[in-house]
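Please examine the model shown below with its sequence at hand.

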Amino acid sequence: MFTKTHMLLLLSYALAMTGCDCRDAPGQDPDPDGGVTTDAGPVEPPWPSLMAAEGGGLVPPDLDCLGRERAPVAGRSVETSSPVVPFGAPPSVTLPGVPARFFLEDRASETCAAPGCVATLTDDAGVATAMLPDGAWVTTEVPELNGPDPMRSFMRTLEMHWEVGAEDTINTLNRGTIAGFEAQLERSLDPARGIAAGRVLDCQGRALSEARLRYFAADGAEITDATLVYFDGMLPPGLDPSAEATSSDGRYAGLDVPPTATRVEAWGSLDGSAPSPIACEPLQVEPDTLTVLVLRPTRADAPPACARR
């Protein structure tokens, strides 16, 4: 049941998600073959170095797995139960009777049919239960839900690389939060575009600060007309208006990202020199949809475009 307290908490989260213009690091231009060059102009060190959050402080990141690890291998089918949770809401807020779909190819489509997709409804406690391959990466989908007011109406939400057996929630985003975005931006978000958000982590799963996010189209062209926001590392998260990189919480959000975006990259510096790519994953962006994607160091089996440097 939604209360005034729940609404205030959700609105406080919405007001934390304000916008700023995307700005690239100097000297980094898209390469027509799908990669990124770093020789388009002068780069003036020192750049702030990547750091990992640990024990209330910051330590050097663990990037030893960069280019070594692979996507998880699916195991036998297991019963998986996870609540559908409104982004930023307290745990007491539940969503019973909500459709949830699990796409086993880690990419959503218009239809959900076995064996590539499993569909279910949340129970009275708001929990979705399904038989899924243990350890597999799947994409979850919670469809658009129209309620009596913006706080109880939800944007369609995709969560990519959702790992079966490791994730404890399925996210969705209410329209009240979108209204908060729009109030802070002093403009309406484009319903023909989407939101792409998540966190940047190191090999130990620790949040990375000083990571810069970039979006790319299939032809390798960088997308520069989205609005990229970063946060202050506090709980609840608040926007740092001057931030050009992630803080200690590793959070990022791209607003008004066009559906032509097919790849997201995180860049960072290890020694004060110009940032270089540290994470790269395929991205599915669709109109009026939130896509959640946690970025970890680039895999050995990452998309070919990630290796074109």
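How many disulfides does the structure hold? The structure holds three, a disulfide being a pair of cysteine sulfur atoms within 2.5 Å. The model is a predicted one, in which local features need pLDDT of at least 70 and side-chain atom pairs count only at pLDDT 80 or more, while totals for chains, interfaces and linings use all residues. Residues are numbered from 1 along each chain as its sequence is written, and side-chain values use heavy atoms, with hydrogens and water left out.

With bonded cysteines counted along the chain, the disulfides follow the pattern 1-4, 2-3, 5-6. In the bond between Cys 65 and Cys 203, the sulfur atoms are 2.0 Å apart. The torsion about this S-S bond is about -95°, so the disulfide is left-handed. Cys 65 lies in the loop between strands E4 (57–59) and E5 (77–86), and Cys 203 in the loop between strands E12 (194–199) and E13 (208–209), so the pair ties together parts that are 138 residues apart in sequence. Strands (E, at least two residues) and helices (H or I, at least four) are DSSP runs, numbered from the N terminus. Cys 65 counts as buried at 9% relative accessibility, whereas Cys 203 is partly exposed at 24%. Here buried means under 20% relative accessible area, exposed over 50%, and partly exposed in between (1.4 Å probe, protein chains only).

Cys 112 and Cys 117 form another disulfide, with sulfur atoms 1.9 Å apart; this link is left-handed, with -95° about the S-S bond. Cys 112 is partly exposed, with a relative accessible area of 24%, and Cys 117 is buried, with 7%.

The sulfur atoms of Cys 280 and Cys 306 are 1.9 Å apart in their disulfide. Because Cys 280 lies in strand E19 and Cys 306 in the segment after strand E20 (289–292), the pair ties together parts that are 26 residues apart in sequence. The link is left-handed, with -75° about the S-S bond. Cys 280 is buried at 1% relative accessible area, and Cys 306 is buried at 9%.

Strand E18 (residues 261–268) runs antiparallel to E19 and is joined to E19 by six bridges; two strands pair if DSSP finds at least two bridges between them. The open sheet has four strands in the order E15-E14-E18-E19, with antiparallel pairing. E15 (222–223) and E19 (276–282) stand at the edges with a single partner strand each, so one side of each is left without a neighbour in the sheet.

Helix H2 spans residues 175–185, and its buried residues include Gly 176, Thr 177, Ile 178, Gly 180, Phe 181 and Leu 185. At the start of H2, the backbone nitrogen of Gly 176 lies within 2.8 Å of a side-chain oxygen of Asn 174. Just after H2, Glu 186 has a positive phi of about 60°.

Key
A polar contact is a pair of N or O atoms within 3.5 Å; within protein, one must be able to donate a hydrogen and the other to accept it, and residues adjacent in sequence count only if both atoms are side-chain atoms.
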